Amino acid sequence: MPTKESKPNLSHSQVTEIIKRLYGLTVSVIRPLPSYDDQNFYVAPSEGGEYVLKVMNSEDSQNIPVLELQTHAMNFLHQRGLPAQTALHTLTGQLMSLEELDCGFGLQKYLVRLLTYLPGTTVAKITCSPQILYDVGKNAATLDTVLLQMEHPNISILQREDFIWNLSSVPLLKEFIHVMDGDPVQKVVKAILEQYQIQVVPKLPLFRKCINHGDLNDHNLLVKPNGPTKYELSGILDFGDMSYGYFIFELAISIMYMMIENPNPVDVGGPVLAGWESVLPLNEAERDSLYLLVLCRFCQSLVLARHAVNQQPENEEYLMITTRKGLHHLCRLWELGKEEVERIWFQSAAQFGQP
């Protein structure tokens, strides 16, 4: 996992110089944007347009083939009507550039891209109606279905073995669970990890494979107004967690993150599931594993955020965004139990849109 020393910390003057040198653009407005392991800036050049300069951490910047593939995937999705960002070419015709910079830890190499800026508000900042939740599920299924059609000479590198954020890697959380020592929730997390081995692992061969976005959280999805009281999805951000996985993983991740800011979190699953199944109905094994996979994503978020705070205590406020409320949601779902939560989700999904 990226460390404190690998996270970029560019100054505004460094950003201005990079954009002028690589893209021939003169920065007029610049402001920082939140990020987990990388560094993002909103940039408006005097020549016009709005962009996001994305500076990858020095560790991930070594994985150039992976980043090339992520950039290709964004363009591929955009061409097929999904609201993904696209990367601008540099003056020399490249979609990315590896820059050697000093951010306070000596000279390190950081990969930079200038991406189109997508207007909109993050889902985290609105009250999600059932219709928006339905659209999130529908777009998540559509995205993974479209990615099945993508071809690239290096596509096999998305077989990211032991990638810690893939739901196949849930057993690896045992290496980090010590960060919860003394927290009573640790007992719940351990029980869920045990259930994953018993209930999910035997079903993995029955899940349908695909390429996952892997991080459709409420800060990576944008919406824009559609009428006086409605919204529509306007942007899908951050393809840094893309990997081969299973369709059911994407659905579980989407439901989990849509619960974070919702005043009625348990009710979220039904509309998201209904949207998903309008594109891709679940098979029996996937349906039976959904509840536990949602809990597992909560566990990943909780444990890995605590670990990251130990590495980057100065970034605690951002790193713990999901965890503060997610902790309560995890315990509530565990308390209600699989049978009751599934009843709520599946009945709601079946009734969605009916008069």
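Predicted model: local features only at pLDDT ≥ 70, side-chain atom pairs only at ≥ 80, totals over all residues.

Trainee: Why is the pair of F207 and Y246 called edge-to-face?

Mentor: Rings of Phe, Tyr and Trp (its six-membered ring) pair if their centres lie within 6.5 Å, and planes under 30 degrees apart count as stacked, over 60 as edge-to-face and the rest as tilted. The centres of F207 and Y246 lie 5.7 Å apart with the planes at 75 degrees, so the pair is edge-to-face. F207 sits in the loop between α4 (185-200) and β7 (209-212), and Y246 in strand β10 (residues 243-246), 39 residues apart. Ring pairs join F207, Y246 and F249 into a cluster.

Trainee: What makes F247 and W276 an edge-to-face pair?

Mentor: Their ring centres are 6.4 Å apart and their planes stand at 70 degrees, so this pair too is edge-to-face. F247 belongs to helix α5 (residues 247-259) and W276 to helix α6, so the pair ties together parts 29 residues apart in sequence.

Trainee: How do you know that W276 is buried?

Mentor: W276 has a relative accessible area of 0%, so it is buried. F247 is likewise buried, with a value of 6%.

Trainee: Why is α3 described as oblique to α6?

Mentor: Helix α3 (residues 130-147) and helix α6 (residues 269-277) pack at an angle of about 40 degrees, their axes 6 Å apart. That angle makes α3 oblique to α6, since angles under 35 degrees count as roughly parallel, over 145 as roughly antiparallel, 65 to 115 as roughly perpendicular and the rest as oblique.

Trainee: Which residues of α6 meet α3?

Mentor: P271, V272, A274, G275 and W276 in α6 meet residues of α3 that include L133, Y134 and A141.

Trainee: What makes S6 buried?

Mentor: S6 has a relative accessible area of 4%, so it is buried. S6 lies in the segment before α1 (12-23). S6 and F105 are 99 residues apart in sequence, yet 8.3 Å apart in space, C-alpha to C-alpha.

Key: Residues numbered from 1 in each chain as written. Heavy atoms only, no water. Axes fitted to C-alpha atoms, helices over the stretch in contact; angles between N-to-C directions. Helix = DSSP H or I, 4+ residues; strand = E, 2+ residues; numbered from the N terminus. Contact = heavy atoms within 4.5 Å. Buried < 20%, exposed > 50% of the residue type's maximum accessible area, 1.4 Å probe, protein only.
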